[in-house]
Amino acid sequence: MLEDSPVLRFARANIAGRSAWCPVLPPGKTSLKLYRIAVFLSSLLLSTPIWVLAQEQSGSALRLDTGERIFKAGCVSCHGSDGRGTPKTIAGFEPPDTFPDFTRCDQTTAEPDSSWKAIITHGGPYRGFSQIMPSFSEALTEEQIDKVIHYLRGFCKNPHWPRGELNLPRALVTEKAYPENEVVISNAVNAKGAPGVESHVIHEQRFGVKNQLEVDVPVQFQDQNHIWYGGIGDVTLGLKREIFSSLRTGSIFSLQGSVLLPSGSRTRGFGNGTTTFETFAAFDQLFPTNTFIQFQTGADLPRHTGIAPQSLFWNTAVGQSFGADGGLGRLWSPMVEFLAGRDLQTGAKTNWDVLPQMQVTISRRQHIRGDLGVRVPVNNTAGRPVQVMFYLLWDWGDGKLTEGW
Ligand code: HEC
C-alpha cells in the first residue's frame, strides 16, 4: 500500500533524476561503490524538501497554508531562509549562473509571476533551467504555488522597480514603455514597388531602476535604377525612463529622448543629412484577460529643417497573448498596429498604415522570440510600398543565446 503512494513514487522519481547530475564526487580514483553511496545520500538530502512537504501535507503539526510556511518547508534547503541561496557547501550542488538571489530586485522584478509559476510547477527544465530546481506539481496545489510566489516577491524590498508583467510583447514598430535588456534584429522587405530591404540592429540596456539606453543601427539595401546600393542609415542613440508603472492597474508610462546622427548617405536616401532630435512618450495598458494596448507618440525634429521636415507620429498596437499549457507554455501574441505619421509642412497629409502580425516565443525560456507581419499603407499609397516585416529578439537579461532551449 505504502509502496504505491504517489508521494513515495514522486520522491523516488526525484532521487533517480538527481543522481545523474549529483556533483558530490566524480568516479575516477574513488571507488565506484563509495561514489554510488555518496550520490544516493546526497540525493536523499536534496529530496528532503519534497519529503517534508509530503509529510506536512498529510496533516501533521505544521499546515502549509501560508507562503512563508511553504517556503520554509520546501525551498529553504536550496534557496536559503533569506532567499539568497544556501551556500554551496551545504546545498551540495554547484549553483548555475542563473541561480536566483531573490533579494536582488534587478534579477527578480523582470520575471513575471507566470514564469515562476511555470518553473515551480513543472521544474527548471520546463523553461530551459537546471533540473536541480524540482517540479512541485504533485507536492503543492496551484493555490499553494501562488502563495509561495507572493512570499518570494517580498524578498525584493524596493517597490519602484517596474514589474515584468508590464513588459508587453514587442510590436514591430510601436516602441513599448518597459525598459528592456534586449537585442533585436528587425527587417522590412518591400513586397511591392522598388526592391529594398531595411534592417535595424537594436541594442537596449537597462541601468538603474527605471532607465534604459538604446542604440539602433539601420542597414539599407536598395535597388535604384537596377543598381543595388547598400549602406548604414542614421544611427539612433536613445535614453528611456519609466515615469510611472503599476501592476495593480496594469499601466506603465515612459518618456524617451534620442539623437539620430547623420551617418546615412543623404544622396542615396539612406539618411536625413542632418542631426535629428526625437522624443516620444509611450503608454502601455495590460488588462486582466491578457489583452493589451500600447501607445507611442512623438516628434522628429531635424536641426536643419530646410533639408528635412519636422514630423509627428502616433503609433498604436493592440493585441492579446495566449499561453499554451494553461498559460505556462509557449506564448502566442497576435497584434495589429495602426501607424500614423505626418510631416509638419503646409499641405502635408497624414500617412496611415496597418500592420497585422504574430509574435511567438521560440526558446523554452521565452527569451528568444520572433514576430512576422505585413505593413500595408492605407492612404497616400504612391511611393509607399507594402512591406513584409519580421524580427528576432533576444532578451539577454534572461540567459545566453545557447541557453534555455
Ligand atoms: C533541490 C534544490 C531546490 C529546491 C528544493 C527548490 N529550488 Fe528553486 N531553484 C533551484 C535552482 C538550482 C534554481 C536555478 C535554476 C537555474 O537557474 O538553472 C532554482 C530556480 C528557481 C526559480 C527561478 C527563478 C528565476 O531566476 O527565474 C524559482 C521561482 C524557484 N526556484 C522557486 C522555488 C520554490 C518556490 C521552491 C519551493 C517550493 C524551490 N524553488 C525549491 C533549486 C531548488
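How are helix 3 and helix 8 oriented to each other: roughly parallel or roughly perpendicular? Their axes meet at an angle of about 90°, and angles of 65 to 115 degrees count as roughly perpendicular, so helix 3 and helix 8 are roughly perpendicular to each other. Please keep in mind that this is a predicted model.

**Helix 3 against helix 8**
- Helix 3 covers residues 67-74 and helix 8 covers residues 142-153, and their axes lie 7 Å apart.
- On the helix 3 side, the contact is made by Gly67, Glu68, Ile70 and Phe71.
- Their partners in helix 8 are Gln144, Lys147, Val148, His150 and Tyr151.
- By residue type, this contact of helix 3 with helix 8 has four nonpolar, three polar and two charged members.

**Around the ligand**
- The ligand is surrounded by 25 residues, and the closest are Cys75, Cys78, Thr98, Ser130 and Met133.
- Helix 2 (32-57), helix 4 (76-79) and helix 7 (113-122) are the elements that give two or more residues to this shell.
- Helix 7 provides the largest share, with four residues.

- Strand 5 (residues 236-246) and strand 6 (residues 251-260) run antiparallel and are joined by 10 bridges.
- Across this pair, Arg241 stands opposite Leu255 of strand 6.
- The hairpin of strand 5 and strand 6 has four residues between the strands, and Gly250 takes a positive phi near 80° there.
- Strand 6 is also joined by 10 bridges to strand 7 (residues 276-286), again antiparallel.
- Here Ser254 stands opposite Ala282 in strand 7.

Terms used
Residues numbered from 1 in each chain as written. Predicted model: local features only at pLDDT ≥ 70, side-chain atom pairs only at ≥ 80, totals over all residues. Axes fitted to C-alpha atoms, helices over the stretch in contact; angles between N-to-C directions. Parallel < 35°, antiparallel > 145°, perpendicular 65-115°, else oblique. Contact = placed C-beta atoms within 7 Å. Nonpolar A, V, L, I, M, F, W, Y, C, P; charged D, E, K, R; others polar. Near = placed C-beta within 6 Å. Pairing = 2+ DSSP bridges.
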